[in-house]
Every structure is written in structure tokens, then in C-alpha cells.
Amino acid sequence: MARRSAPLLRRLVSASSPPAPQPLPGHGGGLARRTVTYMPRPGDGTPRAVTLIPGDGIGPLVTDAVQQVMEAMHAPVYFETYDVHGDMPTVPPAVIESIRRNKVCIKGGLATPVGGGVSSLNMQLRKELDLYASLVHCSNLPGLPTRHEGVDIVVIRENTEGEYSGLEHEVVPGVVESLKVITKFCSERIAKYAFEYAYLNNRKKVTAVHKANIMKLADGLFLESCREVASKYPSIQYNEMIVDNCSMQLVSKPEQFDVMVTPNLYGNLVANTAAGIVGGTGIMPGGNVGQDYAVFEQGASAGNVGNENIVEQKKANPVALLLSSAMMLRHLQFPSFADRLETAVKRVVAEGTYRTKDLGGTSTTQEVTDAVIASLD
């Protein structure tokens, strides 16, 4: 059974009806429904249930940090906590049911076995809930020295097909065939999400990342879809870049990128590269979003469960998941709480007194968490 926190919030839950839909900009005042679910706007303040998966490795440390900060700032959320681990054969049905009911989840990293017959639970969640868009925000944090300044990149990655389709088989002993699946439906859907995100967040450019010079049909279809969607957004600059050139440009001139839209595998590589440019995976927020559900977690996956020493010393960096939880608060229509949390986290990083080892300090997870709580306005 799930463990619920913050009983006071549960008693505050009212039966009030949700606010009436508001006209969307750019649609002539009509009530046409956008496919983008990441749309910050004022909420009615009703406390919301959130599914919480602590996960493996550093997961319990950083999710505990989120819970502490949420309680300290009296955020209108309470958690249903489930123990899920990467070595399980499947995601327990009760967890899926909880996310479907609450529509929002925040999670720590789940260990993904390398090789063997155990599939990734992260992928299971994305496919089961149709979380088709991965969004990672890679930007410089004030006071944190990096090789590049002025970096503010949003990587939007198709999350359900491509090389991650999981369609593999051994043709004959010693010969394995792995299928990369690209569909027009999913390509158009992720392209529209990227342009809608750019439009709603006042971004100026969308870059499509591809390898259509070699994979002319698969990546060619992805590019064709992006071009069709781009033609409907004349105010947003659109360009295309081959993934190998993109990798080189990222580490040499990252400030040229704004929003990037990619197929599945390329997005994973690009997001982790961009994270390394601005300070590492420990500060990169992210989420996986679909039409109806959203799962927020550390944005870049490299080392997402940490090593044993970090876990034993309790020195995991909670910044990435705290910033992801700020994204979650905006998604839940609590923008003022999101702003308070982001401001506090950035203040702690900028001051530099409390930083974990990956950011050049010696602090524990709890010391950083306490500093964020003390910095809340």
C-alpha cells in the first residue's frame, strides 16, 4: 500500500470544481486544446496528490530532499510513495494505477541492467503511460564556473520509438538484428511539442537533430515531419543539424542552440553532452510528459543512480531533482511555489558554501537541503 505524507494537506482537499478553461493565445480566443501539457498557468490552490518513486542508489536521498523542501515551503502537494527498483521484472500495477490517478509522478533513478533479459523500467513507464516527450533544461547556474557562459538549451526528445523500440532478435547465432522504428505520427507529435514549447516560452529557434544523410528513410521521415510543423510557426526560426556535427557544435559553441528536437537516441546523447557543458547531470532538471501524465526526474541519465561511495557518504547532489520538482509545481499550476524553490536553489549554488563533490564542494545531501530550506523566501 502507498504511504501518504502531509496529512494536514489531505484534510485541506476540497470538493471545489476546477476553474473553467481559459482561451488559449494564438487561437482567436477559442478553446482549442493544445497537445502540450507543460503550460504554466495559475491554479486554484487545491492540494494535489503526487506519486513518489524513490528508486535506486541516490534516489532515496534526493527524493527525501524534495519531500523536506516541499514540507518546509508548505507546497500544496502530498505524496503517495512506492518502492520500485530497477531489477524488478515489471513496474507494479499499483504504481501505474497511482500515476494514472494522480497524473503526476516524481522519481529517483531506477537502475537499468546492462544486457540480459531484464528490460528498463524507465522505458516501461514511458511506454505504458505514453510519455512521448522528454524535456531537459540545460542552462548555466549563476555562480557555478563552467567552460561556457550564456548556455540556455532545452532538449526535447521523442521518447517512445526509434532505437528504443526494443525490437531485437537473433537472426542466426552471432547475428542480431535491432530495428529502429520511426513513424510520421510520433515525429509530428514531438515536433509540434517542440514548437509549442518554443511558442509558449518565448523561445526563438528550434533545431532538428538528425542523421538523414545516412538513414535517409527513417531520419528523413523525422525531418519531413519537422519541416511540415515548422511551416506553421513562421515566427520561430528553424534549422537542421546532423547529429555528429551537432555534438561538435555543442562543445564548441553551445550558445547557438535554443530548443532542440531529436529522435530518441540522439536526444539522450545530446542531453547528457549539454549537461556536461554546464556543470553535470547533478544540476539538470527534466521530465517525461504525455497527453495525460507526467513523470519528473533528473534530466540527464548518466550515472542516474550514483556510485556506492556517494550513497554511503550521503553526498548525492539534490539540485537536479529539486529543480525538476519546480518544473512539476509549474505543471501542477503552482508557479509561485516553483519560483520560490528555483530562487532558493540558485541562491545556494551561487553562494557556494554548500555544494556536493560534483560541484567542487564537500557537503552532504542533507547540508545542501538544509541550505535550500534556509534560503526559501
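A salt bridge is here a side-chain nitrogen of Lys or Arg that lies within 4 Å of a carboxyl oxygen of Asp or Glu. The structure in which they are found is a predicted model, and the following paragraphs describe the chain as a whole before they turn to particular residues.

**The chain as a whole**

The protein chain contains 12 helices and 13 strands, and of its 377 residues 52% count as buried. When contacts between residues at least 6 apart in sequence are considered, 76% of them join residues at least 24 apart. The accessible surface of the protein chain comes to about 17,000 Å², and carbon and sulfur atoms account for 55% of that surface.

| Arginine 101 and glutamate 80 | 2.9 Å | helix H3 (residues 93-102) and strand S3 (residues 77-81) |

An α-helix has 3.6 residues a turn, so residues three or four places apart point the same way. Lysine 184 has a relative accessibility of 30% and counts as partly exposed, and glutamate 188, with a relative accessible area of 29%, is partly exposed as well.

Elsewhere, salt bridges with shared partners join Lys184, Glu188, Glu224 and Glu228 into one network.

The salt bridge of arginine 101 with glutamate 80 has its closest N and O atoms 2.9 Å apart. This pair links distant parts of the chain, 21 residues apart, with arginine 101 in helix H3 and glutamate 80 in strand S3. Glutamate 80 is buried, with a relative accessible area of 1%, whereas arginine 101, at 44% relative accessibility, counts as partly exposed.

**Two helices**

Helix H2 (residues 59-72) has 14 residues, and the distance from its first C-alpha to its last is 20 Å, close to the 20 Å expected at 1.5 Å a residue. The buried residues in H2 include Leu61, Val62, Val66, Val69 and Met70. After H2 comes histidine 74, which has a positive phi, near 55 degrees.

Helix H8 (residues 264-278) has 15 residues that should span 21 Å at 1.5 Å a residue, and the 22 Å between its end C-alpha atoms agrees with this. Because 11 of the 15 residues of H8 are buried, this helix is largely enclosed by the rest of the structure. Among the buried residues of H8 are Tyr266, Val270, Ile277 and Val278, together with the asparagines Asn264, Asn268 and Asn272. Glycine 279 follows H8 and has a positive phi, near 135 degrees.

**Aromatic rings**

The count of aromatic pairs comes to four. One of them is the edge-to-face pair of phenylalanine 334 and phenylalanine 337, with 6.5 Å from centre to centre and 85 degrees between the planes. Phenylalanine 334 and phenylalanine 337 are both buried. Ring pairs also link Phe195, Tyr233 and Tyr238 into a cluster.

**A surface patch and a strand contact**

Val171, Val172 and Val175 make a nonpolar surface patch of about 230 Å². Within this group, valine 175 is found in strand S8 (residues 175-181), and its relative accessible area of 39% makes it partly exposed.

Glutamine 237 lies in strand S10 (residues 237-242). Its neighbours within four places in sequence aside, glutamine 237 is in contact with Lys204, Lys205 and Val206. The C-alpha atoms of glutamine 237 and valine 206 are separated by 6.3 Å, although the two residues are 31 residues apart along the chain.

Definitions and conventions. Residues are numbered from 1 along each chain as its sequence is written. This is a predicted model: local features need pLDDT of at least 70, side-chain atom pairs count only at pLDDT 80 or more; totals for chains, interfaces and linings use all residues. Side-chain values use heavy atoms; hydrogens and water are left out. Helices (H or I, at least four residues) and strands (E, at least two) are DSSP runs, numbered from the N terminus. Buried means under 20% relative accessible area, exposed over 50%, partly exposed in between (1.4 Å probe, protein chains only). The expected span of a helix is 1.5 Å times one less than its number of residues. Contact means heavy atoms within 4.5 Å. Accessible areas come from the Shrake-Rupley method with a 1.4 Å probe; for residues, only the protein chains shown count as cover. Rings of Phe, Tyr and Trp (its six-membered ring) pair if their centres lie within 6.5 Å; planes under 30 degrees apart count as stacked, over 60 as edge-to-face and the rest as tilted. Patches are made of residues with over 30% relative accessible area and no salt bridge: like charges are joined within 9 Å, nonpolar side chains (Val, Leu, Ile, Met, Phe, Trp, Tyr) within 5 Å.
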